[in-house]
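Please keep the viewer open as you go through the points.

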Amino acid sequence: MRTVVLVALGVVLGIGICALLLHFSPITLTRATPASVEISYVDFVSIMMTAVSIILAALGFVIAILAFIGWNSIESKVSSSAKEFLRESIEDGGELHRLVKEEAKEIIYGDIQPVDSDYDEEEGKVS
C-alpha cells in the first residue's frame, strides 16, 4: 500500500512540474485558421511517430509500476505461506518434526549394537 501511495505522489508531482514548465515556457500556442494550416507528409509522419513513442513510453511506465507492485505482493504472499508451512511442520506431529526426530535417532543410536546379539569379528556383522 505504501508503494502505491508513493507512486501516486510521484505521478502527481511529475504532472505538476510539467504543468509549471508549460505555464512559464516562452513558447506560446496560438490557434491557426484552417486555411493557413498546411502539413506535409513528412511532418505528419513525424508527429504520428512521436505520438506512438510517447504512448509506448507511458505504457512501459505503467507496466513497470504494476510489475513492481505485483512482485512485492507475490513476495509477501510467498513469505507468509512459507512461514505458515514451517510453523505447521515443526509443531509436534508435523512432517518436519518427525523427520528431524528420526534423523536425530539415527545419528545418536545408529552405531549402537543390541546387547543380546553376538558380533562376528571375521565378517564384521551382528548375528
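Glu95 and Arg98 meet through their side chains in a salt bridge, at 2.5 Å from N to O; a salt bridge here is a side-chain nitrogen of Lys or Arg within 4 Å of a carboxyl oxygen of Asp or Glu. This is a predicted model, in which local features need pLDDT of at least 70 and side-chain atom pairs count only at pLDDT 80 or more, while totals for chains, interfaces and linings use all residues. Residues are numbered from 1 along each chain as its sequence is written, and side-chain values use heavy atoms, with hydrogens and water left out.

- Glu95 and Arg98 are three residues apart in helix 3 (residues 95–109), so about one helical turn separates them.
- Arg98 also forms a salt bridge with Glu102, with 2.8 Å between the closest N and O atoms.
- Arg98 and Glu102 are four residues apart in helix 3, which again means a separation of about one helical turn.
- Together, Glu95, Arg98 and Glu102 are linked in a network of salt bridges.
- Glu95 counts as partly exposed at 47% relative accessibility; the classes are buried for under 20% relative accessible area, exposed for over 50%, and partly exposed in between (1.4 Å probe, protein chains only).
- Arg98 is partly exposed with a relative accessible area of 36%, and Glu102 is partly exposed at 42%.

**Salt bridge in helix 2**

- A search of the whole structure finds three salt bridges, one of them between Arg87 and Glu84, whose closest N and O atoms are 3.2 Å apart.
- Arg87 and Glu84 are three residues apart in helix 2, so they too are separated by about one helical turn.
- Glu84 is partly exposed, its relative accessible area being 36%.

**Other features around helix 2**

- Thr50 lies in helix 2 and is partly exposed at 42% relative accessibility.
- A polar atom of the Thr50 side chain lies 2.8 Å from the backbone oxygen of Ser46.
- Ile39, Tyr41, Val42, Phe44, Ile47 and Met48 make a nonpolar surface patch of about 680 Å². Patches are made of residues with over 30% relative accessible area and no salt bridge, joining like charges within 9 Å and nonpolar side chains (Val, Leu, Ile, Met, Phe, Trp, Tyr) within 5 Å.

**Overall fold and surface**

- The protein chain has three helices and two strands, where helices (H or I, at least four residues) and strands (E, at least two) are DSSP runs numbered from the N terminus.
- Read from the N terminus, the order of elements is α-α-α-β-β.
- Of the 127 residues of the protein chain, 2% count as buried.
- The accessible surface of the protein chain is about 11800 Å², with 68% of it belonging to carbon and sulfur atoms. Accessible areas come from the Shrake-Rupley method with a 1.4 Å probe, and for residues only the protein chains shown count as cover.

**Confidence**

- The protein chain averages a pLDDT of 79, and 77% of the residues score at least 70; pLDDT is the predictor's confidence in each residue, from 0 to 100.
- Among the elements, helix 2 has the highest mean pLDDT (88) and strand 2 (residues 125–126) the lowest (54).

Methods. A polar contact is a pair of N or O atoms within 3.5 Å; within protein, one must be able to donate a hydrogen and the other to accept it, and residues adjacent in sequence count only if both atoms are side-chain atoms.
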